[in-house]
Amino acid sequence: SRAAEGDDPTIGGRIGTVTDHDGRFELAPVVAGTHHLEVEAAGFMAYEHATPVVVPIGDGPPPIDVRLTPGAVVRGRVSLAPRDAALRLFFLRLYDHRHDDDPKRADHQRQYYSDLDEDGSFEITSVIPGDYHAKVIVTNPAPVIVNGETVDAHREYEADPIDVVVPPGGIDGVELRPEIRALPLKVPFAGRIELPPDVPQAVTELFLRPTDDPEAEFRLDVQADRSFSGHLPAGEYQLWVLPSWRSVAPEVVTVPEAGRKGARYRLRKAPEESAGDGGR
């Protein structure tokens, strides 16, 4: 419920509630005045009561019945370009983009998911009409070969979102042709951290910054025995550890194209004059 336009804002604002399993609801306390009634439910179109609700002084309005209309159905097919024929279609995400620029409100986005059949066809039901982005997720089942050997690497791809407008009547037969870009191959990186004896020995996290892109960062969890494992692109990195980054000097490490496992890094104590200047 929200106060009608023109009402005193000091007694307006919004109040809300959730229904029980039978759809019954109660809003309280509601100040006397004129209000708009809005209802939202997953899979149904947003509802706004046709006329403002008048709440008299000392009493509430009569019970109000709300009838929700089921959302729309979106059917279609995803088609990949011939150059992407080796990729396997995984699933489709349909989401509204009202809060794209506000990460704090990302959880308020309407989102729908659908698996994609082998031919790329999909069906999403109970979609609330509106403007959406469609994002296609693909995988590559082919093994990764580096220097003639199979590598336990992660292939990742990114598809530009496609604008989709869902009318109240839904869509039957939409064709989506995403532009797919391959991201840098992520290869295995695993080993163990050794710290100087005169610094705290607890390590909870390891993070690496590419030397050619200090704004980027990759984080790996560290086990109780200070071992770590994960995947990241091949390249040269500065390696730091938490929570000891103030007292331990960063280490420059190289991750080769085939990855690295079983590495041991003996970190050095940071010089006194630079302690606390760890770049965090």
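Student: Which residues line the largest cavity?

Tutor: This is a predicted model in which local features need pLDDT of at least 70 and side-chain atom pairs count only at pLDDT 80 or more, while totals for chains, interfaces and linings use all residues. Residues are numbered from 1 along each chain as its sequence is written, and side-chain values use heavy atoms, with hydrogens and water left out. On a 1 Å grid over the protein atoms alone, a cavity is a set of points where a 1.4 Å probe fits but cannot get out, a pocket is an open set with protein on both sides within 12 Å along at least five of seven lines, and lining residues have an atom within 4 Å of a point. By that rule, the lining of the largest cavity is made up of Val-74, Leu-92, Leu-94, Phe-122, Ile-124, Ala-134, Val-164, Val-174 and Leu-176.

Student: Which elements give two or more residues to that lining?

Tutor: Strands are DSSP runs of E with at least two residues, numbered from the N terminus. Two or more lining residues of the largest cavity come from each of strand 7 (88-95), strand 9 (121-127) and strand 15 (171-176).

Student: What volume does the largest cavity have?

Tutor: Grid points are joined across faces, edges and corners, and a volume is the space filled by probe spheres set on the points. For the largest cavity, this gives about 40 Å³.

Student: How many nonpolar, polar and charged residues line the largest pocket?

Tutor: The largest pocket holds about 1,200 Å³ of space, and Thr-17, Phe-25, Glu-26, Leu-27 and Leu-37 are the closest to its centre among the 37 residues that line it. Ala, Val, Leu, Ile, Met, Phe, Trp, Tyr, Cys and Pro count as nonpolar, Asp, Glu, Lys and Arg as charged, and the others, Gly among them, as polar. Sorted in this way, the lining of the largest pocket has 21 nonpolar, eight polar and eight charged residues.

Student: Is Arg-226 buried or exposed?

Tutor: Arg-226 is found in the loop between strand 19 (218-221) and strand 20 (227-233), and its phi is near 70°, a positive value in a residue other than glycine. Buried means under 20% relative accessible area, exposed over 50%, and partly exposed in between, with a 1.4 Å probe and protein chains only. Because its relative accessible area is 16%, Arg-226 is buried.

Terms used. Helices (H or I, at least four residues) and strands (E, at least two) are DSSP runs, numbered from the N terminus.
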